[in-house]
Amino acid sequence: TANGQVVYSIAEETERGVSVGNIAKDFRIDAATLLPRKFRMIASSSKQYFNINASTGALTVSESIDREQLCELKSPCLLNYELVLENPLELYRLEFKVLDINDNSPSFSLSEYHVNVPEFLSPGARFTLPNAQDLDEGTNSVQNYTLSPDEYFHLEMQTRGDGSKYPELVLKKALDREQQAIHRLVLTAKDGGNPPKSGDVPVIVTVLDTNDNAPEFEHSVYRASILENSPSGTLVAQVRATDLDEGPNGEIRYSFSNTTSADLQRMFLIHPHTGEVTVNGILAVQRPLLEMLIEARDNGAFGMFSTAKLLVEITDVNNHGPEITVTSLSNPIPEDAVPGTVIALLSILDKDPGENGKVTCQIPENLPFKLKPSLENYYSLVTSGLLDRELISGYNITITAVDLGSPPITTQKTLWVQISDVNDNPPVFSADTFDVFVEENNPLGAFLYQVSASDPDMGENGQVSYVLRNSTVAGSALASFLSVSLANGSIYAKHAFDFEQLRSFYFQVEAKDSGSPPLSAAITVNVYISDQNDNAPAILYPTSHNGSIAVEVVPRLADEDYLVTKVVADDEDNAQNAWLSYHIAHSSDSTLFHLAPHSGELRTTRSLRSTDFLKHKVVVVVRDHGDPPLSSTVTVGILLADTLPQALPDFDDNGEPPPLLNATNVYLIVSLTCVSFIFAAFLFFLAVVRLCHCQTCCCTGCCRPADEYEKYCYSIRMLPSSHLPPDVLEVTGVGKLTHTYLYRASVGLG
């Protein structure tokens, strides 16, 4: 373990299931927490070569590794992994060093090699042989070459200027083409593995009869440097070789050696006559140094050649932008997340080396988030302030990564972070109180008012229900008067209100959301009951008992505007429904009494006369000003007397004088008419005499003086009807006939 990471070494081709280590022990992590913390390994390669046991933390091989396929010629061969744990978020780095084993034999690029040797060459002439390729590294790569025994040739190893070795075929003695034109040799390349491996290739030596000089390069090694973004056609280097031969044997053609990889031969072109090496296409390589072998061959009948090495250094340019990868993202996040809560883990890499690969990263400053550096090339996106979903429900966070190249390259990636709701807002009413006006005598179930509260939270946290808070109204439970809709806050009356019993009351409606825990708010509703004209005036005075008429005694000769009585009434209604006015609905003598419409005072319209009737009956109507108006009546009996009689008269009759043409009067008129016609002359004289001397005749037919007549008639009026003589009752009609009638009756009886 070093620098916060664990480095494991594993040999390539290790079988599946082989244990590599234990991450729980190596990182000192409790193995029991791996699964709850959602552990996962993030690989730098496309394949997952290792597996972690979630119970024990054991790290085992899940896929056999071929180092040569994975890393090619790169050394050392490393695999980088990140172990991510959540709750809390932790990141660990694992590095696997893949060790080479001797699993590849040396091989040659061609199935056989041909070497042309002029016969006139002297012993000691040298011919370059092909190099074998071994994908293994170190001692497992090619270490030496051997040549099958031959009397004309032997093998020697040579070293180039860069220290690399290559085999050469050396002529031991002069050749005779006529004796042997072709020599078949076997070149063997061996590596240094244990046990060692080898590869063979046939070498066919053809003895030529001419062209005894091979081209020679000016330098055995050429070096060049180009930018990695060099366009096609850019000159890389120019190689030169000379050949001492003349004519076609001295004409040289340049080409890439067969040992140069096909990829490099596609990326570069070499001019066959000038030896200029140019770029062909895009330099799609990751290695900073490229090695190519260039061959110079003459045009002789049996062309002779020599090789030189071209080393091309690729100079990096800033042609790769930063790559932003979201390794882990928690979305949505609750609005009550505390500052410092980790939202996402970001990996930011730039493939360019050096300064071109260094990256700075930032997000906009006006957001409640910030980037916090984690491990190398990793950043944590954390909250830096308080969140409020009701203000902002989500954020588009643009992550900007800029490398330090010249010019710099910028990469942006936008993350959408949604804010989830928590129940942090209680319902809110638009006002603290509401006033509701309702008319009395409302029907049961009548709609009174609808309260409404808003809750900016979402879902159940913003779903509002309404209930009545427990209270009493006029000594009874509120629930017996009102009900409220749980869903929409509509308030209904369960009771018919009576203004005369209850004029106003108040109660509270509670709005509660469905969050956990629920939040609530209350509003006070004032109910004012308005009056309806549902009560008729109640007459307090005068009063009657058992259906009898109230009687008022008035002096016989009362003056004008004499107060007979005052009608007193009350109305339980309010305002104009209780404004009362008094009117006479019926009076036995409409000229005798009048009633004040506002005070209810019954007074005489004029002074009373002796000729006025003794009994009067007045019907008083008391009317309110409601719509429609209601009224009550009271009948007042008025007795004209100077003293209170022992017994009150009966006011059941209507109090009006008897009609003039009653049955008795008709009889008397008929009788008088008949007698007048029979005894016209005689009776006329007699009647005149008696009219002159007996003007004061009483009702019994006797003659009295005038003053005695007045006294007698007045006494009759003052007596109750039950005290009058029978004969007077029969004739006079209870003493209510006028003087003229009394007189005429007496004459008829005589």
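**Close-up views of a predicted protein model**

**Figure 1. Surroundings of Glu-95.** Leaving out residues up to four places away in sequence, Glu-95 touches Gln-5, Val-6, Val-7, Tyr-8, Leu-78, Leu-79 and Asn-80. The model shown here and in the following figures is predicted. Glu-95 belongs to strand β7, which covers residues 90-99. Is Glu-95 buried or exposed, and how far away is the nearest side chain of opposite charge? Glu-95 is buried, yet it has no salt bridge. The nearest side chain of opposite charge is that of Arg-93, 6.9 Å away.

**Figure 2. The open sheet that contains β7.** Four strands form this open sheet in the order β1-β7-β6-β3, and their pairing is mixed. Strands β1 (5-11) and β3 (40-43) stand at the edges; each has a single partner strand, so one side of each is left without a neighbour in the sheet. With direction ignored, neighbouring strands of this sheet are turned by 25° against each other on average. Strand β3 pairs with β6 (residues 77-85) in the antiparallel sense, over 4 bridges. In this region, Met-41 stands opposite Leu-83 of β6. As a general point, the strands of a sheet pair through backbone hydrogen bonds, either parallel or antiparallel.

**Figure 3. The salt bridge between Arg-93 and Glu-376.** The side chains of Arg-93 and Glu-376 meet in a salt bridge, with a distance of 3.4 Å from N to O. Arg-93 lies in strand β7, whereas Glu-376 lies in the loop between β28 (369-373) and β29 (378-383), so the pair ties together parts that are 283 residues apart in sequence. Arg-93 has a relative accessible area of 15% and is therefore buried. Glu-376, at 54% relative accessibility, counts as exposed.

**Figure 4. The salt bridge between Arg-126 and Glu-156.** In the salt bridge that Arg-126 forms with Glu-156, the closest N and O atoms are 2.6 Å apart. Arg-126 is in strand β9 (residues 126-128) and Glu-156 is in strand β11 (residues 153-159), so this pair ties together parts that are 30 residues apart in sequence. Arg-126 is partly exposed, with a relative accessible area of 42%. Glu-156 is also partly exposed, with a relative accessible area of 26%.

Figure 5. The side chains of Lys-512 and Glu-510 meet in a salt bridge at 3.8 Å, N to O. Lys-512 counts as partly exposed at 33% relative accessibility, while Glu-510 is buried, with a relative accessible area of 13%. Elsewhere, salt bridges that share partners join Glu-82, Arg-93 and Glu-376 into one network. A search of the whole structure finds 21 salt bridges.

Figure 6. Strands β13 (residues 182-191) and β14 (residues 198-208) pair in the antiparallel sense over 9 bridges. Which residue of β14 is the bridge partner of Thr-188? The partner is Asp-200.

**Figure 7. The largest nonpolar core.** This core has 29 residues, and those with the most contacts inside it are Val-451, Tyr-466, Leu-482, Phe-497, Phe-505, Phe-507 and Val-509. The elements that give two or more residues to the core are β33 (433-439), β36 (464-468), β39 (482-484), β40 (490-493), β41 (504-513) and β42 (520-530). Its largest share, 5 residues, comes from β42. Beyond its neighbours within four places in sequence, Val-451 is in contact with several residues, among them Phe-434, Tyr-466, Ile-491, Val-509 and Val-525. A second, separate core of 27 residues includes Phe-217, Tyr-222, Ala-224 and Ile-294.

Figure 8. Ser-347 is found in strand β26 (residues 342-349) and is buried, with a relative accessible area of 8%. Asn-574 lies in the loop between β46 (568-570) and β47 (580-587) and counts as partly exposed at 33% relative accessibility. Leaving aside residues up to four places away in sequence, Asn-574 touches Phe-499, Arg-503 and Asp-531. The C-alpha atoms of Asn-574 and Asn-533 are separated by 8.2 Å, although the two residues are 41 residues apart along the chain.

Technical notes. Residues numbered from 1 in each chain as written. Predicted model: local features only at pLDDT ≥ 70, side-chain atom pairs only at ≥ 80, totals over all residues. Heavy atoms only, no water. Pairing = 2+ DSSP bridges. Core = buried A, V, L, I, M, F, W, Y, C linked by side-chain atoms within 4.5 Å. Buried < 20%, exposed > 50% of the residue type's maximum accessible area, 1.4 Å probe, protein only. Contact = heavy atoms within 4.5 Å. Lys, Arg positive; Asp, Glu negative; His and termini not counted. Salt bridge = Lys/Arg side-chain N within 4 Å of Asp/Glu carboxyl O. Axes fitted to C-alpha atoms, helices over the stretch in contact; angles between N-to-C directions.
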